Amino acid sequence: MALNRQTDENGKPIVMLGNDYSWVKGEVRDLSSLFLDMESVERIGDPSLWVHEGSNVSLRFLPCDVEDRVYHRGEGWEFFYMYTTVFLDIGVKFLFTEFECGVLSQLKYAPTQIHPNAWAFVRGFEILMEYLGTKPLLEVFFSFSQAKGVRKGGVVTLNNMQGKAIFGLYRQSYKDFKQMFIKVGCVEEQFPFYLDEFGLERFPLYWYSEPAQILGMDKISRESARMVEFMEGFVEKTEVLSLAILLKWEKEREYVKRYLQTTTGGLKNFFKNRVERWHSASTAVKTEEGVMVNQPLEKKKVVSLKRRRAEEGGSSKKIIDLTSTKCCGKEVSLEEVKRSTEKQRPLHGYVGEEDLTSVWSEHFPISVVAEEHFQSKTDFDLLGSVDDKTRAQFLQVCAARLLSLGRFEELRANDEAEKRKEESKEIQRSLELEKKLQVVNE
């Protein structure tokens with residue numbers, strides 16, 4: 001997606017001057033900043049705390065004049081306005097990421113032209129994509145989000161597209177945020193970090209009177225289309241995510257990872273497998289004629305099937321040959337496997353809406369119950385005290401023990417069934433013997 005910038009015929013950025021702000025509406029027209037001196041600005045903290053590590057950017061926070069308004073345009077590129085809550089509470093850092101610049105540029109929004117809650121929406125999407133191990137794409141983002149209040153000449157919000165809710169509403173109340181703006185600039189000896197190598201704005205520095213209205217995407221790349229399809233499947237199966245929790249990513253990353261793992265039901269591993277399938281499907285080699293052809297996927301090793309004569313009659317039946325494996329060393333009839341599968345079928349499904357308290361109900365909120373009753377802070381701290389590999393090994397131990405326990409119960413059930421069968425035969429023999437004795441006595 002191309003970024004929208006206002007430039008002149010020579011490609012130079014246009015500096016919009018003048019004081020015609022009649023299009024600005026709402027209370028922002030009359031609100032001045034609460035940061036009118038350096039003392040108040042210095043209480044915010046060291047600007048370097050909100051700079052991406054390794055970016056080599058030195059910025060400075062500056063106070064505003066009492067006549068300054070958040071929608072005012074500057075006469076150059078000495079600074080831009082920023083709500084302090086966006087980096088203090090939402091966790092947005094400077095330089096803005098390529099994705100954040102793209103969102104602002106595509107919508108033609110200055111950083112203060114969107115509500116802090118909308119910044120939470122943008123940041124939440126970035127965090128989710130980082131958790132999945134993929135880059136955030138503008139085409140995917142705008143396939144699930146839209147702007148509200150674009151034509152009202154005030155602060156704009158972002159929300160989910162209808163039927164495509166990824167995040168729950170972020171209802172954090174930011175009292176007086178419209179007056180909590182400062183000037184952000186670079187130190188004098190550095191090139192402005194908000195301009196690119198051509199001297200063009202990396203994002204709109206000042207308010208636009210005609211921001212863009214984007215309601216979904218008409219054409220997107222193949223990569224984005226795949227991601228949109230994957231995320232649509234995710235939306236259908238998973239509850240909306242809490243932005244309040246996601247925004248703890250920088251300070252409590254392990255906690256947020258555990259939350260996402262619990263809430264999304266292993267979405268990260270599922271996404272990883274899906275990406276591998278995409279790459280496999282896209283792998284191609286050139287033939288001698290130069291035509292690109294797909295390489296066949298590697299065949300997986302499967303359990304071998306063979307036939308044997310039935311002990312009675314002339315028919316044959318399929319069996320699973322496990323004699324060459326390391327553990328079982330036996331042959332299992334497919335008929336036996338099928339009978340076992342059919343008996344288990346009710347346990348693998350859902351019971352519908354008859355009893356919403358049943359854990360087999362398709363509407364039972366398992367992740368919510370687990371979060372509220374089976375995952376205390378002590379549990380989180382305990383699980384977070386060990387690394388991912390240790391937790392994975394522990395799960396393997398649990399799974400192996402459950403497998404052993406399940407097999408033990410199965411064998412015991414078989415023994416009980418055989419015992420009952422023998423008891424039934426013994427009773428039958430006793431009854432037959434009693435009948436014979438009665439005949440003799442008569």
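**First stop: helix H13**

Select Lys421 and Glu418: both sit in helix H13, 3 residues apart, about one turn of the helix. Helices here are DSSP runs (H or I, at least four residues), numbered from the N terminus. Before going on, note that this is a predicted model, where local features need pLDDT of at least 70, side-chain atom pairs count only at pLDDT 80 or more, and totals for chains, interfaces and linings use all residues. Residues are numbered from 1 along each chain as its sequence is written, and side-chain values use heavy atoms, with hydrogens and water left out.

What joins the side chains of Lys421 and Glu418? A salt bridge, at 3.9 Å from N to O. The term means a side-chain nitrogen of Lys or Arg within 4 Å of a carboxyl oxygen of Asp or Glu. Lys421 is partly exposed, at 44% relative accessible area, and Glu418 is partly exposed too, at 43%. (Buried means under 20% relative accessible area, exposed over 50%, and partly exposed in between, using a 1.4 Å probe and protein chains only.)

Stay in H13, which covers residues 388-441, and pick Asp388 and Arg391, again 3 residues apart. Their closest N and O atoms are 2.1 Å apart in another salt bridge. Asp388 is partly exposed at 46%, while Arg391 is buried at 17%.

**Next: a bridge across the sequence**

Now select Arg123 and Glu250, whose side chains meet in a salt bridge (3.1 Å, N to O). Arg123 is in helix H4 and Glu250 is in the loop between helix H7 (243-246) and helix H8 (253-264), so the pair ties together parts 127 residues apart in sequence. Arg123 is buried, at 9% relative accessible area; Glu250 is partly exposed, at 41%. The structure holds 14 salt bridges.

**Then: two helices crossing**

Show H3 (residues 98-107) with H4 (residues 116-132): their axes come within 11 Å and cross at roughly 140°. That makes H3 oblique to H4. Axes are lines fitted to C-alpha atoms, for helices over the stretch in contact, with angles from 0 to 180 degrees between N-to-C directions. Angles under 35 degrees count as roughly parallel, over 145 as roughly antiparallel, 65 to 115 as roughly perpendicular and the rest as oblique.

Finish with Val359, in the loop between helix H10 (334-348) and helix H11 (366-373). Val359 is partly exposed, at 47%.
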